[in-house]
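The entries follow in the order I went through them.

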Amino acid sequence: MTRNRGPQQGEGQGTVTAATPGHLGRNLGVLVAVALVLAACSGGPVDVPTSTVPATVDPDKAGPPDPAIPPAWPLTGVPVDEVDDRPALAVKIENLPQARPQTGLEQADMVWEEVVEGGITRFVAVYHSQSPETVGPVRSVRPMDPAIVGPTRGVLAFSGGQPPFVEAVRAAGIQTVVHDEGDDGFFLKKGKRAPHNLYGTPADFWAQADDDRTAPPTQLRHVRIPGQGTATTTGAPLSLLDVKLTFASRAQWVWDAEQAAFLRNEGTTPAASSDGTRLSAQNVVALSVEVRDTQFKDPAGTPVPETLLVGSGDGLVASGGKHVAVTWSQESVDEPLVLTGPDGEPVLLEQGVTWVELVPREGGSWTVS
């Protein structure tokens with residue numbers, strides 16, 4: 001700081017010396033007092049002089065910057081350096097005993113199990129973060145598929161289907177890749193009997209995606225920090241989730257703490273992919289849903305049912321070896337499923353693979369132990 005000097009030799013009495021901060025403070029106080037007196041006499045507003053020195057912020061006292069949210073795969077919540085811009089690819093996969101073990105299910109980000117005709121079930125396997133070399137057996141479309149795939153705004157590959165079902169998929173804004181229409185990527189696998197021998201190549205399915213098909217929006221919500229999921233932090237312990245879908249179909253999910261995942265059984269038989277990988281999930285979601293008759297029949301004359309997903313109902317979420325009751329809702333075929341916890345807050349899943357069990361309200365059930 002430069003100290004103030006008194007008058008120096010050669011300086012006249014008219015010379016103004018630099019004022020100290022104390023002088024400025026006293027002068028400013030006098031100005032304020034005068035302004036107050038004048039205002040009191042005139043009844044006008046008081047204009048208090050303000051400093052013209054710009055304010056500064058001590059960087060040591062500034063708050064921390066907002067943390068950057070790292071990118072994550074939209075269907076699993078798993079962090080990644082960069083999300084692939086390709087669209088979500090859904091494939092209809094058969095689940096008859098003759099179709100097992102299936103190929104590629106272990107690499108799906110999400111798998112939906114739906115009831116079809118005759119009490120059997122079928123899978124909608126949705127891929128984005130991983131791309132298996134082949135998937136299958138590939139089968140036909142069903143009327144509930146638009147509500148499952150529509151929110152991803154992606155691509156659905158299937159063998160064929162009744163015209164109204166195919167048109168409903170396209171009306172939901174989903175791009176289709178269809179074997180019966182001559183689209184690329186399908187092949188007949190040797191050693192398998194028809195109709196369980198149709199397989200597909202995801203790379204070829206993705207190659208046919210329209211240019212405006214990009215990475216899917218987030219579907220179900222996932223935690224940013226593992227171990228902080230709604231069921232994991234607030235739920236009751238669970239070692240076995242036993243899901244009865246129909247008189248002919250049953251799935252079990254067994255918690256394996258060492259793998260930090262639920263392992264799937266078909267009935268009571270361990271389920272594995274064709275390469276021997278045990279089918280597993282970090283999250284299992286069971287939804288109580290209405291299933292109705294569509295008045296359509298399959299080629300064998302069996303009535304084709306439809307699961308209604310646009311609506312709401314009760315459900316269960318299992319994560320981290322625990323479970324919690326939830327309510328579910330979906331506003332339209334192009335809006336994602338919403339899960340809400342007992343506290344009215346959105347349910348957070350653990351990072352990783354999610355399987356969704358669509359359990360009929362009549363005839364279906366689940367138990368936990």
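I started with strand S5 (residues 175–178) of this predicted model. I found both of its faces covered. Gln 175 and Val 177 are buried on one side, Thr 176 and Val 178 on the other. In a regular strand, side chains alternate between the two faces of the sheet.

Next I looked up the pairing of S5. Strand S4 (residues 155–158) runs parallel to S5, and four bridges join them. I noted Phe 158 opposite Val 178. Between S4 and S5 the chain passes through helix H3 (residues 163–171), and I logged this β-α-β crossover as right-handed.

Which residues of H3 are buried? I listed Phe 165, Val 166 and Val 169. These residues lie on the same side of H3, because they cover an arc of only 100 degrees around the axis. On the other side of the helix I found Pro 163 and Ala 171 exposed. I then checked what covers the buried residues of H3: the list includes H2, S4, S5, strand S14 (283–297) and strand S15 (303–308). Just after H3, I recorded a positive phi of about 85 degrees at Gly 173.

I moved on to Ser 140, in the loop between strand S3 (121–127) and helix H2 (145–149). Is Ser 140 buried or exposed? Ser 140 counts as buried because its relative accessibility is 12%, and the cut-off for buried is under 20%. I found a polar contact of 2.8 Å between the side chains of Ser 140 and Arg 142. Leaving out residues up to four places away in sequence, Ser 140 touches Lys 92, Arg 122, Phe 158, Ser 159, Gly 160 and Gly 161.

The Asp 145 side chain reaches the backbone nitrogen of Arg 142 at 2.7 Å. With residues up to four places away left out, Asp 145 touches Lys 92, Glu 114, Val 124, Gly 150 and Leu 156.

My last entry is on the nonpolar cores. The largest has 37 residues, and within it Val 91, Leu 105, Phe 205, Trp 253 and Trp 355 touch the most other members. For Leu 105, setting aside neighbours within four places in sequence, I listed contacts with Ile 93, Val 111, Phe 123, Ala 125, Tyr 127, Leu 279 and Trp 355. I also found a second, separate core of 36 residues, including Ala 172, Val 178, Val 356 and Leu 358.

How values were computed:
Residues numbered from 1 in each chain as written. Predicted model: local features only at pLDDT ≥ 70, side-chain atom pairs only at ≥ 80, totals over all residues. Heavy atoms only, no water. Helix = DSSP H or I, 4+ residues; strand = E, 2+ residues; numbered from the N terminus. Buried < 20%, exposed > 50% of the residue type's maximum accessible area, 1.4 Å probe, protein only. Polar contact = N/O pair within 3.5 Å; in protein donor to acceptor, adjacent residues only side chain to side chain. Contact = heavy atoms within 4.5 Å. Pairing = 2+ DSSP bridges. Right-handed = clockwise from strand over helix to strand, strands pointing away. Core = buried A, V, L, I, M, F, W, Y, C linked by side-chain atoms within 4.5 Å. Arc of directions from axis to C-beta.
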